[in-house]
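I am keeping these notes while going through one model, entry by entry. Each entry records what I looked up and what came back.

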Amino acid sequence: MIQLRWRWILISLLVCWFTLVAYPSWGRSPFSPIEQRATVEMDGKVLFEIRGIVGFPASERAEVINTKLEQLLQTHLKYGLPLPKYSIDRNNEQSTLSFNDTYLLTVTPVDVRGERTTEAQARRYAAWILSGIETAQYERTAKYLREAVFVMLGVLLVAIGLHVGVNKGVELSEHYFRVLIDSESCQFRHLQIPDQLLHRLMKLGRLGLLLGLWYAVGYYLTDLFPWLRRSRYWLFDLVFQSLTDPVFILNENSYSLLDLLTLIALTVGLWFGVRSLTRLFRNRVLAFTDTDRAVQDVLGVLVQSLLMFLGLLIILQIWGLNVSSLTIIASVLGVGIGFGLQNIANNLISGLIITFERHVQVGDFVEVANLMGTVEQVGARSTQILTLDRVSIIVPNSRFLETEVINWSHGNPVSRLRLPVGVSYDCDPEQVRSVLLNTAKLHPDVMVEPPPHVLFKGFGESSLDFELLVWMREPRQQFNLKSDLYFRLERALRYYKMEIPYPQRDLRLRSTHLDRVVEQLQKGKENPQLENSAPLELTDTALEYLVQRMQEEEGVEIKDRWYRGNFYPGVFVAAEAVDWWMRELKLKQVQAVELGQVLCDRQIIHHAFQDIPFQDSYDFYRFYAD
């Protein structure tokens with residue numbers, strides 16, 4: 001792995017070096033017109049190059065010459081004229097080249113190569129132009145076209161054969177490399193290259209070979225025919241012009257799309273190089289120190305950010321951009337980004353504080369903002385916590401500084417657990433204390449020192465309130481320990497016949513004349529009379545007799561009913577029950593409704609599908625016994 005990282009570093013450095021060599025003019029002012037070059041072509045073939053002169057850029061100059069040459073060529077091809085005659089007129093240090101007394105170009109000293117004169121250079125231009133015209137005339141003959149077609153077919157057959165050979169060769173090479181790498185004598189065996197990686201590398205190599213093969217075939221075939229060659233030249237020239245034409249001007253320097261692509265390529269190369277250097281720094285430097293893993297991660301991020309920042313400054317300076325001119329823009333953007341990224345910056349700074357103070361570390365059992373779990377990772381911006389439900393939660397680092405954090409593992413992990421216990425008033429408090437302590441001491445996860453302790457908290461409404469305090473070593477198991485202790489306490493209290501009470505309420509209902517009416521009904525009177533006597537308590541016997549009368553044939557009508565497509569078995573209507581109570585018990589409407597609510601409170605009757613107070617309505621009710 002280290003060798004692979006060194007290879008990535010080497011590749012990144014080579015890319016940067018090649019880019020600087022390919023663009024040696026970076027960091028200087030834009031090219032002057034004299035330094036620019038442009039090509040003069042005929043029928044898609046480059047004849048020669050010319051340079052720009054003051055006030056006349058090379059591209060415009062070449063465009064004028066190419067237009068005149070195109071007119072000259074088309075005239076000779078159309079009428080089948082012989083090769084044109086040229087003339088050269090010398091004027092001081094310049095020479096004028098003309099064909100058939102038509103001006104073509106002026107050769108200046110900037111066009112001369114070596115120690116030639118402008119006149120000699122003009123003669124060379126004329127010879128290249130005449131050769132181009134002669135070649136163009138020959139390539140349009142029938143003989144040449146027949147030969148070109150045969151050559152094209154032969155090249156295509158050879159290319160198809162090479163295509164098949166490349167596919168077979170790559171398959172055999174992949175098998176051979178796999179056998180070679182797996183052999184004991186191979187020096188690269190320790191790299192343990194996966195089969196999938198080797199297969200992808202071979203596919204990438206095959207793709208490169210096939211692309212190169214068909215590009216060469218296409219380039220050669222388009223060079224055989226003039227019209228294809230002219231189209232190819234036009235397409236390449238369009239792409240080149242699109243890449244090299246200035247897109248914007250900054251600090252009096254013009255930048256093209258090619259410059260932007262190169263900047264992006266350099267930035268990507270810098271990114272891979274910095275990442276490789278950072279990994280090497282972590283594995284070769286920080287790994288041999290005694291610093292914590294979280295501190296190593298933070299230092300790695302800081303080193304990576306610093307190297308990336310310095311690398312970008314160097315690239316921009318080499319690119320020709322004055323970095324100092326961007327200070328105002330950077331200041332404005334910094335203020336805007338500062339407001340937008342305030343929370344991110346807060347979390348990053350909080351991460352640094354947490355890492356260096358080390359109050360929260362990987363492996364600690366913490367509780368923060370109603371979250372409880374084990375710290376899995378402390379990152380630069382957030383902390384990953386694994387809850388007791390095995391769910392990973394990402395918590396921003398600022399939460400650890402803004403809210404109270406319970407770190408059960410910080411310092412001494414020993415902590416105390418509180419278990420409230422309530423027993424009946426009939427129990428002996430001393431015996432309860434003894435049972436609680438013995439049960440806690442017998443548990444293997446309860447520490448002997450400090451010993452368990454029992455507190456008598458007070459007298460509750462329904463119980464004597466105690467609290468059992470035990471100490472444990474593993475905070476992560478506090479819920480399991482608490483549950484296990486409650487199971488054991490319940491068995492122990494049941495064994496010693498100590499009741500665990502629950503809240504109780506005694507309901508006493510006083511209803512005017514109701515019990516007297518029930519008594520008269522029990523004696524067989526058909527029309528019981530109400531009396532203005534003192535209120536009597538409604539006994540359980542009276543209620544049982546009343547419920548029995550309601551369920552008889554002459555009682556309330558109880559049957560299965562349908563309502564709005566829903567089926568309700570064994571129900572009666574509240575309004576019919578109120579009428580029955582008023583008729584049989586001689587109650588008023590308000591008293592009958594109160595009686596219905598009493599039956600609901602005593603859990604004798606209940607509403608068919610919801611929990612509402614009893615009313616004189618058409619709601620359905622049924623008996624609990626049904």
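Entry: a helix pair. I looked up the handedness of the crossing of helix 16 and helix 17, and it is right-handed. The model is a predicted one, and I read every value here as computed from it. Helix 16 covers residues 574-584 and helix 17 covers residues 589-601. Their axes come within 9 Å and cross at roughly 115 degrees. I then listed who makes the contact. Helix 16 contributes V578, W581 and M582, while helix 17 contributes Q589, A592, L595, G596 and L599. Sorted by type, the residues of this contact are six nonpolar and two polar, with no charged residue.

Entry: helix 15. I asked which residues of helix 15 (residues 540-550) are buried. They are A542, L543, L546, V547, R549 and M550. These residues lie on the same side of helix 15, because the arc they cover around the axis is only 160 degrees. I also checked the face turned away from the buried side, and there I found the exposed residues T541 and E544.

Entry: the largest nonpolar core. I noted that nonpolar side chains in soluble globular proteins tend to be buried together. In this model the largest nonpolar core has 25 residues. I looked up those with the most contacts inside this core and got F48, L69, L97, F99, L104, L105 and I129. Which elements each supply at least two residues of the core? I found strand 1 (37-42), strand 2 (45-51), strand 4 (94-99) and strand 5 (102-107), together with helix 2 (58-79) and helix 3 (118-139). Helix 3 gives the largest share of the core, seven residues.

I took L105 for a further look. With neighbours within four places in sequence left aside, L105 is in contact with F48, I65, S95, T96, L97 and Y125.

Entry: L469. I located L469 in strand 15 (residues 464-472). Is L469 buried or exposed? L469 counts as buried, because its relative accessibility is 2% and the cut-off for buried is under 20%. Not counting residues up to four places away in sequence, L469 touches R416, L417, R418, P452, H453 and L455. I also looked up the pair L469 and L419, which are 50 residues apart in sequence and 6.5 Å apart in space, C-alpha to C-alpha.

Entry: T278. I placed T278 in helix 7 (residues 257-284). T278 counts as buried, since its relative accessibility is 2%. Leaving aside neighbours within four places in sequence, I found T278 in contact with G300 and Q304.

Entry: P82. I found P82 in the loop between helix 2 and strand 3 (86-91). P82 counts as exposed because its relative accessible area is 62%, and exposed means over 50%. P82 and I133 are 51 residues apart along the chain, and their C-alpha atoms are separated by 9.7 Å.

Entry: totals for the chain. The protein chain has 626 residues, of which 34% count as buried. I also looked up contacts between residues at least 6 apart in sequence: 57% of these join residues at least 24 apart.

Key. Residues numbered from 1 in each chain as written. Predicted model: local features only at pLDDT ≥ 70, side-chain atom pairs only at ≥ 80, totals over all residues. Heavy atoms only, no water. Axes fitted to C-alpha atoms, helices over the stretch in contact; angles between N-to-C directions. Helix = DSSP H or I, 4+ residues; strand = E, 2+ residues; numbered from the N terminus. Left-handed = near helix turned anticlockwise from the far one by under 90°. Contact = heavy atoms within 4.5 Å. Nonpolar A, V, L, I, M, F, W, Y, C, P; charged D, E, K, R; others polar. Buried < 20%, exposed > 50% of the residue type's maximum accessible area, 1.4 Å probe, protein only. Arc of directions from axis to C-beta. Core = buried A, V, L, I, M, F, W, Y, C linked by side-chain atoms within 4.5 Å.
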